Amino acid sequence: MNSYFSILFTEVYKILFLLVPVLVSVAMIVWLDRRVWAFVQKRRGPNVVGPFGLFQSLADALKYIFKEIIIPASSNKLVFVLAPVVTMTLALISWAVIPFGEDFVLADINVGILYLFAVSSLGVYGIIMGGWASNSKYPFLGAIRSAAQMVSYEVSIGVIIINVLLCVGSLNLSDIVMAQQNLWFVIPLFPMFVIFFISALAETNRPPFDLPEAEAELVAGYQTEYSGMMYAMFWLGEYANILLMCAMGSVLFLGGWLSPIDTFPFNAIPGPFWLIFKILFLFILFALVKATVPRYRYDQLMKLGWKIFLPFSLFYVVLTSSFLLYFDLLPGK
Amino acid sequence: MIAHSVFFYIFSLIAIISAVMVTVSKNTVHSVFFLILDFISISCLFIMIGAEFLGMIMLIVYVGAVAVLFLFVVMMLNVAEQKGQWFSSRWDGGTHIPIGLLVSLIIFFELIIVIGGWKYKPDLLNSLSINISNEITNTRSIGNVLYTDYILLFQISGMILLVAMIGAIVLTYRERAGVKRQSYVKQISRERDEGVDLVEAERNKGVKIDA
C-alpha cells in the first residue's frame, strides 16, 4: 500500500511537470497566433503588456477570472457548467501519450495513436453539451454544425492514420517516431500530410472551417451564452487542442523528436526541442491559414470532407499497401 | 493488487449506476449522457483487463460516433418536447408495455443461452485453436485471427454495413426541384467572351437586356 502511494505521488508530480508547461505554452501560443495574424494584416498586434506584449494572454486570463460568470436562467445548469470542463479536460489528457523524446513520455501505451484518436473524437461533446445546455438557438445551431463537421473530418483523419500505421506496423507513438529515422513520412505520404493538415483545421474549428462559431451568422456559436472563466476554459481547451493536433502532425509525419539530419550540429540539440520546433512550425502555418483564407460555405465543407478527402485517402491506403506489398517492405514480419 | 480491485469496483459501480440512470432519468438528453458515461466506464474496464485495443475501439466507435448521432437525434426530439408534443405524461393506454415485455423476455433468454453455454461447457473457449501469447500486443493478435481465420465473417459484416448505409441513403434521398448546385468546373471554365458583353448604349434610352 505504501509503495502504491509513492507511485501515485511520483505520477502526480510527472503530470504536473507536463501540464504546467502545456498550459503556459497555450497562453503563449494565443499571443503568437494574434501576432502572426496581425503581421499578415500589417498591424502590430498585442504589444503593450510586457516585452513584445508577451504577457497579453496572462492579462486576458486575469480579466476573465474577475468577470462575472452568467448562467442563463432557462439553461440546463449542470450540463452548462460541465461543458467547458469537459472541453478543457479532454484537451489536456491527450498530452499524456505524446512522446517528447526517447523514454521521455508520461504514458508509453501500446495503442497511443488510438488513444489520441479516441480522445479527440470525444472533444465534440464539450461543444454539443455547451450548445444544448444554453437553451438558445444560436448555440444550438452552432453545436449541431460542429458535431456534423467533426464527425465528418474524423473519418478522413482515421484513414490517414491507417496510412501511417501501414508503414510502421505499430500503434505506439514512440515506435511511429522511431520508424521515421531514415525517412520522415512527410516525403512518401506528402498528399496525406496536406489532407491531415486541412482536416486538423476542420477538427479544431479553425478558420476557414470555423462555421460552428461563425460570427456573421451565429454570434459566437456554442460559446454565445458563456462568460468569464467558463468562456476562457473553452478558449484554452480550443488552443490546447490546436497544439495537440500540431503535435500529432509532427509525430505522424515530421519525425517527432528526431532531428532532420543525424549529424553533429543538429543532433546535439535535445529531442524535446525538435518536437517543439515542429509544433511551432505547424502552428505558424495554422495561424497563416487563419489570416489568409476566407471561410467555407457549409455545403462546400461537407463536399470537401466526404467527396474529396475520404475517397482520396482511401485510394492512398490502397496505393500505400500495394506498394509496401509489392516491394516487400511491410513491417512486422 | 488492492488498488487494481478498488479501481475495478469504482468503474463497475459507475457503469451500473449510469446504466440504471439511462432508463430512469426523465430528460432524454441526460439519458444519452449517462449512456456515454456507461460506455466510457466499460471501456475503462476493458483496458483494466488488458484489452486496450477493444477499449479504445469502444471509445472511438460508440462514444465518438454512435452516441454523437444518438445525441443528435434526441436533441432534435427535445426541441419538439418543449412544445409538449412528444413524451407527454398522459397514459397512452399501456400499449408499449407488452412490446417492452416481449423485448426484455427475448433479451433475458438470450442471456440465459449465452451464460448457460458458458457454464455447462467451460472448455468452449479453449477448444478454439487460438493460441494466446503474452509476447505480442493484443492489437496484433486480434489482427492475426481477424484477417486470416475470420476473414470471411469480417468481410461479410463489412458488406452488411455497407448495404445498410446505402439503403439508408436511398430511402432518405429526395430529388428536389430548384436546387442550385455549384459546379467548380463550370465556374473555372467560364471565359470572358461568354460572361461579358459590350453594348453600345443609346443616350436617354438605355439598353434592353434579353435575359
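Helices here are DSSP runs of H or I, at least four residues long, and they are numbered from the N terminus, as are strands (E, at least two). Residues count from 1 along each chain as its sequence is written, and chains are lettered from A in the order written. This is a predicted model: local features need pLDDT of at least 70, side-chain atom pairs count only at pLDDT 80 or more, and totals for chains, interfaces and linings use all residues.

Let me start with confidence in chain A. pLDDT is the predictor's confidence in each residue, from 0 to 100. Chain A averages 86, and 98% of its residues score at least 70. Helix 8 of chain A comes out highest, at 91. Helix 9 of chain A is lowest, at a mean of 71. Where pLDDT is low, the predicted coordinates should not be read in detail.

Now look between those two helices. The loop between helix 8 (190-203) and helix 9 (215-218) of chain A holds A:P208. The peptide bond from A:P207 to A:P208 is cis, with omega near 5°. Most peptide bonds are trans, and most residues other than glycine have a negative phi.

On to phi, then. Which residues of chain A have a positive phi of about 55° without being a glycine? A:F52 is one of them. A:F52 sits in the loop between helix 1 (2-40) and helix 2 (56-66) of chain A. A:N135 also has a positive phi of about 55°. Its loop joins helix 5 (124-133) and helix 6 (137-168) of chain A.

Buried or exposed? Buried means 20 or more other C-beta atoms within 10 Å of a residue's own, exposed means 12 or fewer, and partly exposed lies in between, with C-beta atoms placed from the backbone.

Chain B next, at helix 2. The expected span of a helix is 1.5 Å times one less than its number of residues. Helix 2 of chain B (residues 28-48) has 21 residues, so it should span 30 Å; its end C-alpha atoms are 30 Å apart, which agrees. Its buried residues include B:F33, B:D38 and B:F39. After the helix comes B:G50, with a positive phi near 90°.

Last, the contact between the chains. Two residues are in contact if their C-beta atoms, placed from the backbone, lie within 7 Å. Chain B brings 17 residues and chain A brings 18. On the chain B side, helix 1 (2-24) and helix 3 (52-81) each supply at least two. Helix 3 of chain B gives the most, with 12 residues.
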